[in-house]
Amino acid sequence: MTATSRTSSKTAMLRHLVQRSELSFLMEAHNGLSAKLVERAGFEGIWASGLSIAAALGVRDSNEASWTQVLEIAEFMSDATRVPILLDGDTGYGNFNSVRRLVRKLEQRGIAGVCIEDKLFPKLNSFVRDGAQPLADAEEFAGKIEAAKASQRDPDFVVVARTEALVAGQGLAEALRRAELYRCAGADAILIHSARPDAGEVLAFKGEWAERLPVVIVPTTYYMTPTEVFAEHGFSTVIWANHLMRSALRAMQITASRIFAEQNLRSVEDTVASLAEVFDLQGEDELARAEQRWLPKRNGRRP
Ligand code: SPV
Ligand code: MG
């Protein structure tokens, strides 16, 4: 399969997930390993989370990793999996021109779609400083969406426009105004973000927005809302945004502290994945078969 046809089918898969009437789920991943685990768990798509990628790199979610560094990670994730990836493209890493180049590079690397948000570069994570950060000019951001759509070569590549109006405390009317501008600019879906502990404001948004475009949500803070409520209200896609990074963080903390304290591996061995599992995830058996096939025989024997 060529890189192009692989990309096309992943984009078509993501487009289907976002547009179908049944609720879809994207699970966060932040590197090749976590992407494989998402796929093996059964998820149909991956959210390449900016927060999680940054955290895994040991930096802040404030564009401290460059966009080409993020692209490299996303490429490893895409190479490691068959399910589509929606990349968290933050603000698009600059103006409309940066977005055009980003979209072209994402298509080349097999990424099925990008989500860009109406904040200013360099952004902050939505959950720090009570969401107090400036929003982008809505018309300028709509231009970024238009530029993204105009640059994609694969018609199925998905562009999600994310508005932070609710997080920034600008209210429902402003969120709806922005979402409508982004719809008119050609967005394939709207991500309405909220930092509230209940789903009230995203449900209110959906009630007013109705079916104008698919709506994506990230219930990190309103996790107590039953998922059926999202399905009943006709949301398109739920993103579980950072839970593999956070679970890995906790597991690594516990293991590191225990080995530091005990100065041996005895009590951790049964709590960690086996090396056989690691080799299985890496596809070690495939390499062994390939060696049999393609390495020259030495002394009449394959390696
Ligand atoms: C991310 O996963 O990086 C997101 C979602 O953008 S949030 O952290 O909620 O902003
Ligand atoms: Mg993000």
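Me: Which residue just after α10 takes a positive phi?
Reply: Gln263 does, with a phi of about 50°. Keep in mind that this is a predicted model.

Me: How do you know that the span of helix α10 agrees with its number of residues?
Reply: Helix α10 covers residues 243-262, which is 20 residues. The expected span is 1.5 Å times one less than the number of residues. That should give 28 Å, and the end C-alpha atoms are 28 Å apart, so the two agree.

Me: What makes Asn63 stand out, and where does it lie?
Reply: Asn63 has a positive phi of about 60°, although it is not a glycine. Asn63 lies in the loop between α3 (50-57) and α4 (67-79).

Me: What kind of peptide bond joins Phe121 and Pro122?
Reply: A cis bond, with omega at about -5°. Pro122 has its place in the loop between β4 (113-117) and α6 (138-151).

Me: Which residues surround ligand 1?
Reply: Among them are Trp47, Ser49, Leu51, Asp88, Phe127, Arg162 and His193. A residue counts if one of its heavy atoms lies within 4 Å. The shell divides into four nonpolar, five polar and two charged residues.

Me: How much of ligand 1 does the protein bury?
Reply: Taken alone, ligand 1 exposes 290 Å², and the protein buries 100% of that.

Me: Where does ligand 1 sit?
Reply: In the largest cavity.

Definitions and conventions
Residues numbered from 1 in each chain as written. Chains lettered and ligands numbered in written order. Predicted model: local features only at pLDDT ≥ 70, side-chain atom pairs only at ≥ 80, totals over all residues. Heavy atoms only, no water. Areas by Shrake-Rupley, 256 points an atom, 1.4 Å probe, with all protein chains shown as cover. 1 Å grid on protein atoms, 1.4 Å probe; cavity = no way out; pocket = protein on both sides within 12 Å on 5 of 7 lines; lining within 4 Å. Sits in = over half its atoms within 2 Å of the grid points. Nonpolar A, V, L, I, M, F, W, Y, C, P; charged D, E, K, R; others polar. Helix = DSSP H or I, 4+ residues; strand = E, 2+ residues; numbered from the N terminus.
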